[in-house]
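Reader: Hi! I'm new to reading protein models. Could you walk me through this one?

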Amino acid sequence: MLFGPAHTPGITYFKDIFELLPGHYAIYSNMGLITYKYWDLKTAPCNDDENTCIKKIRKLVMNATNTQINNETISCMLSGGLDSSILSTIAKNKSQNLNTFSIEYENNKSDFISNNYQPTIDSDYVKIMQKHLNTNHSNISFNANELYNLLVPSMINRDMPGMADVDSSMLAFCMAIKEKNTNICLSGECSDEIFGGYPWFYDKKFINTQDDDGLNFFPWCLSKNIRENLINKDIISKNEISEYIDYNYKNTLKNVTFLNNESEENKKFRKVQYLTIKWFMNTLLERTERAANYADLDVRIPFADYKIFEYVYNIPYNLKLGLNKSTLVPIEKSLLRKAFENDIPKEVLNRKKSPFPKTYDPKYLELVEQEIKIILTNKNDTIFKLIDKEYLTEIINTKRTKLN
């Protein structure tokens, strides 16, 4: 709850059951279980200029995508964003009869509310890319009831609480794609984490939240007080909460090394990027992997290629964000945009990042609130050993925060 949507790496919600960390392997023998780390991001100098970075990034992304395609029949998830548009463009060059899929919600045109995280609606940009590439496109639409009804199955499938409607919509999306006689599909995930696509990489509102010693700072968890107040005070104190967050922050970053004479700005960017990759990205990968497995769909993620990460991780932050003497305003994923600027329509190329779409249908929130009100009527419900019932009641009654 404190790190949501991420969870502490290596730990599950089940007593004495643990998960093997990414980049590790295990050997079990009569000597017991021994785990080894075989890969991690390593700090190394990068003296390439912008043009060299752009050329190398283009080659790395092309190679990673073509390796994932591997002469097989591939389809693509197409959101009209930069990442999925790049992959669809590469895939189209390999298969002239390319199938693409997008997700949309009923009444989304009228319900959509622009915000910093999701400033634009996907459908307009999907049409631009579909027309540009001339793909066989399917627009898959869901309503509030369908998403709500998949909340529990998606959580059970994931083996833990996750990202609510974002989990259920991904599950529905994968199932619908599979029903179209599709076996393999490319996804544009994992680009934002390495190329600098999230607001916390460049927005001072997020950056300045970080204390000098990094205390209590996971950049996607700015609603810390709400999370703390939701937890039953009988099981953990606020001091213990702060200690737990602080421990995990420092325990993660102890693996990060810095270059001699590395600027403070680059150190801060490197730390935030490492946290994002180790916590946030793993959560998104797990969500997609479990939903795809449920649907018997093979979803491949070229941007997660380790060669891309090894190189881009060490590119100085000012190059990643397009900052130079003439440009002082950061541009998210600047290098990736420039690497494919001749392949993608300008409207899509210059589109501000928009995440996996959420529904803005008020009916969905009403359904969730109705379910919670039913739970609140049961004084002995096990959930109240963990959740502060009075605070949850206050949220529902005042609608001070959205629960979707």
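Author: Happy to! Let's start with a word we'll need: contact means heavy atoms within 4.5 Å. Helices (H or I, at least four residues) and strands (E, at least two) are DSSP runs, numbered from the N terminus. This is a predicted model, where local features need pLDDT of at least 70, side-chain atom pairs count only at pLDDT 80 or more, and totals for chains, interfaces and linings use all residues. Residues are numbered from 1 along each chain as its sequence is written, and side-chain values use heavy atoms, with hydrogens and water left out.

Reader: Why do residues three or four places apart point the same way?

Author: An α-helix has 3.6 residues a turn, so residues at that spacing point the same way.

Reader: What comes after α4?

Author: N134 follows α4, and its phi is positive, near 55°. T135 is in the loop between α4 and β5.

Reader: Is T135 buried or exposed?

Author: T135 is buried, at a relative accessible area of 4%. Setting aside neighbours within four places in sequence, T135 is in contact with L98, T100 and Q130.

Reader: Switching topic, how about α1? What should it span?

Author: Helix α1 (residues 50-69) has 20 residues, which should span 28 Å at 1.5 Å a residue, and its end C-alpha atoms are 29 Å apart, which agrees. The expected span is 1.5 Å times one less than the number of residues.

Reader: Which residues of α1 are buried?

Author: C53, I54, I57, V61, A64, T65 and I69 are. Seen down the axis of α1, these buried residues fall within an arc of 135°, so they line one face. The face turned away from that buried side carries the exposed residues N51, K55, K59 and T67. Just after α1, N70 takes a positive phi of about 50°.

Reader: Nice. What about F112, where is that?

Author: F112 lies in the loop between α3 and α4, and F112 is buried, with a relative accessible area of 18%. F112 and T359 are 247 residues apart in sequence, but their C-alpha atoms are 7.7 Å apart in space.

Reader: One more: how much space lies in the second largest pocket?

Author: About 760 Å³. On a 1 Å grid over the protein atoms alone, a pocket is an open set of points with protein on both sides within 12 Å along at least five of seven lines, where a 1.4 Å probe fits; lining residues have an atom within 4 Å of a point. The volume is the space filled by probe spheres set on the points, which are joined across faces, edges and corners.

Reader: Which helix gives the most to its lining?

Author: α12 does, with ten residues. The lining has 25 residues, and P22, G23, M281, N282 and L285 lie nearest the pocket's centre.

Notes:
Buried means under 20% relative accessible area, exposed over 50%, partly exposed in between (1.4 Å probe, protein chains only). The arc is that of the directions from the helix axis to the C-beta atoms.
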